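Here are my notes on this model, as numbered points. Please read them with the structure open.

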Amino acid sequence: MQLPQRVVVGAVVVPAVLASVGLAAHPAPAVPPGQLVIAVRASEIVLAGTAVSAGERQAVVDAVRAQTGAHRITDMITPGAGAHVPVSAAAAASLLAAVLDHDVADFTGVVRVGHLTASARVADPERAGSLSDALRSAAPGLRVDEDFTTTG
């Protein structure tokens, strides 16, 4: 093999193969029907769950996208999975807005019908209380269970 071919193999082919192996080893998380996961990690928002249709999935993604231009949105909602998203697109967007308004860079919320389980890393107890109130206000029909860790 000549040097240019080795460069191509080493620079393009090998990383592509390794990346595909990594994706196969770490598939998208399985989310039971009727749940929506909203995760905020620094500059990324991950949505995972199930939707009855592509239109329902798109409504949630669009509502979340409207809340931020600074975050990359990773959509792992499975359309046609037989169960509705457990909250409206507007409620999902309101929950995300509450998180982003409180500068939380590490948040995971799991929404099931009538229930939100939230975990987050926040700067101090005051911000934890404020985030708790904001989540309850954002989706008043949900019972909220929280597990916040303070970093300061």
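1. E44 lies in strand β2; strands (DSSP E, at least two residues) and helices (DSSP H or I, at least four) are DSSP runs, numbered from the N terminus. The side chain of E44 makes a polar contact with the side chain of R72, at 3.0 Å. A polar contact is a pair of N or O atoms within 3.5 Å; within protein, one must be able to donate a hydrogen and the other to accept it, and residues adjacent in sequence count only if both atoms are side-chain atoms. Leaving aside neighbours within four places in sequence, E44 is in contact (heavy atoms within 4.5 Å) with A39, H71, R72 and T74.

2. The model is predicted: local features need pLDDT of at least 70 and side-chain atom pairs pLDDT 80 or more, while totals for chains, interfaces and linings use all residues. Residues are numbered from 1 along each chain as its sequence is written, and side-chain values use heavy atoms, without hydrogens and water.

3. Which order do the six strands of the open sheet take? The order is β3-β2-β1-β4-β5-β6, with mixed pairing; two strands pair if DSSP finds at least two bridges between them. β3 (72–79) and β6 (143–150) each have a single partner strand, so one side of each has no neighbour in the sheet. Neighbouring strands are turned by 10 degrees against each other on average, direction ignored. Axes are lines fitted to C-alpha atoms, for helices over the stretch in contact; angles run from 0 to 180 degrees between N-to-C directions.

4. β1 (residues 36–41) and β2 (residues 44–51) run antiparallel, joined by six bridges. A39 has V46 in β2 as its bridge partner. Helix α2 (residues 54–65) packs on the sheet and touches β1, β2 and β3. Its direction makes about 160 degrees with that of β3.

5. Helix α4 (residues 125–138) also packs on the sheet, touching β4 (106–112), β5 (115–122) and β6. The direction of α4 makes about 160 degrees with that of β6.

6. β4 and β5 run antiparallel over seven bridges. They form a hairpin with two residues between them, and G114 in the turn has a positive phi of about 75 degrees. β5 pairs with β6 in the parallel sense over eight bridges.

7. α3 (residues 89–101) packs with α4 at about 165 degrees, axes 8 Å apart. That makes α3 roughly antiparallel to α4 (angles over 145 degrees). S94, L95, A98 and V99 in α3 meet L131, A134, L135 and A138 in α4.

Notes. Parallel < 35°, antiparallel > 145°, perpendicular 65-115°, else oblique.
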